[in-house]
Amino acid sequence: MILVFGSLNADFFLSVQTFPLPGETVLTPGALIKAGGKGANQAAAAAKAGGLVKMIGAVGTDEVAKVPVTALKALGIDCSGIQVSQLATGMAMIMVDGQGENSIVVASGANTTVSADAVAQTVLNEETILVMQMEVPPEENFKLLRRAKAAGAKTILNVAPARAISESDLKLADYLILNEIEADTVYSALFEKTFLGIEEKAAAISDKTGGVCLITTGADGVVGAQRGDIFKASALPVCPVDTTGAGDAFVGIFAAMLDNGLDTRQAVRYAAAGAGLACLKIGAQESLPTLKEIESRIEEIKIS
């Protein structure tokens, strides 16, 4: 089972040709409201890739709470662990420009109230894959990570948004998944010297923490390091419409493939293909591919 501990948001999408400069007003015909939040997105990605998923998080009592919760339930995700907070449901304002790049501001709201105590000890065992990000209180993440490790669960930490984390806390994660900015932040907190190359950085982080380090590099694919072994996976050749949620697609699909028994490299191949496909539609969750769609493009992802 895949247990996702993280954020749930209502995402407000605005399509613009170019991002506004400071003091500038940019007009757009309308806005779309969609389900989001890194935790919810990763849960949805895992479920669409065939995983059995339980979501732990929090929403408010407002009307927009229905947006992320209804979307997850529609995918068959167990939402019994989603708590109701007195704070407003998390909201994200997402601008997408003419090249498919995004700019995002998040109002965390109820996500700041998520507690590790909401996770029953009975769901943490050797059959559990715990997935978490950094949009809920970090201390709750690491409290749950310690419990999960003690229970023999596999642990995946996506350090997004980027944050400096102590070496002892990073060692709680069997798999660290980072983009290039996040990798720089994590690396800088661990080392005084500087490595210029992505491969050296992945290897150094992996050696220091003892786990697998995966660094996603957009159109350049993924660099992975595991016990001194460095490998690369290519990116899916696509013309992106909206890159929102591509990183979450990678994490969720990777977790689903591990849960399905694939090894790290093969799980990365599926995740890379799925992340590329997630760039072809607007929205974080609507763009997530099914396992069948991923399998139809998996041969285009090369591992070296």
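Glutamate 140 and lysine 143 both lie in helix H3, 3 residues apart, about one turn of the helix. Their side chains form a salt bridge with the closest N and O atoms 3.5 Å apart; the term denotes a side-chain nitrogen of Lys or Arg within 4 Å of a carboxyl oxygen of Asp or Glu. Helices (H or I, at least four residues) and strands (E, at least two) are DSSP runs, numbered from the N terminus.

The model is predicted: local features need pLDDT of at least 70, side-chain atom pairs count only at pLDDT 80 or more, and totals for chains, interfaces and linings use all residues. Residues are numbered from 1 along each chain as its sequence is written, and side-chain values use heavy atoms, with hydrogens and water left out.

**Salt bridges**

The whole structure holds 13 salt bridges.

| Aspartate 78, 33% | Lysine 54, 13% | 3.2 Å |

An open sheet of mixed pairing is formed by 9 strands in the order S5-S4-S1-S8-S9-S10-S11-S12-S13; two strands pair if DSSP finds at least two bridges between them. Strands S5 (78-84) and S13 (229-233) stand at the edges with a single partner strand each, so one side of each has no neighbour in the sheet. Strands S11 (residues 212-216) and S12 (residues 222-226) run antiparallel and are joined by 4 bridges. Within this pairing, cysteine 213 stands opposite alanine 225 in S12.

Helix H3 (residues 138-150) lies across strands S1 (2-5), S8 (129-132) and S9 (154-158), and runs at about 170° to S8. Such angles run from 0 to 180 degrees between N-to-C directions, with axes fitted to C-alpha atoms, for helices over the stretch in contact. Asparagine 141 is found in helix H3 and is buried, at 0% relative accessibility. Leaving aside residues up to four places away in sequence, asparagine 141 touches Phe5, Met132, Gln133, Met134 and Val136, where contact means heavy atoms within 4.5 Å.

Terms used: Buried < 20%, exposed > 50% of the residue type's maximum accessible area, 1.4 Å probe, protein only.
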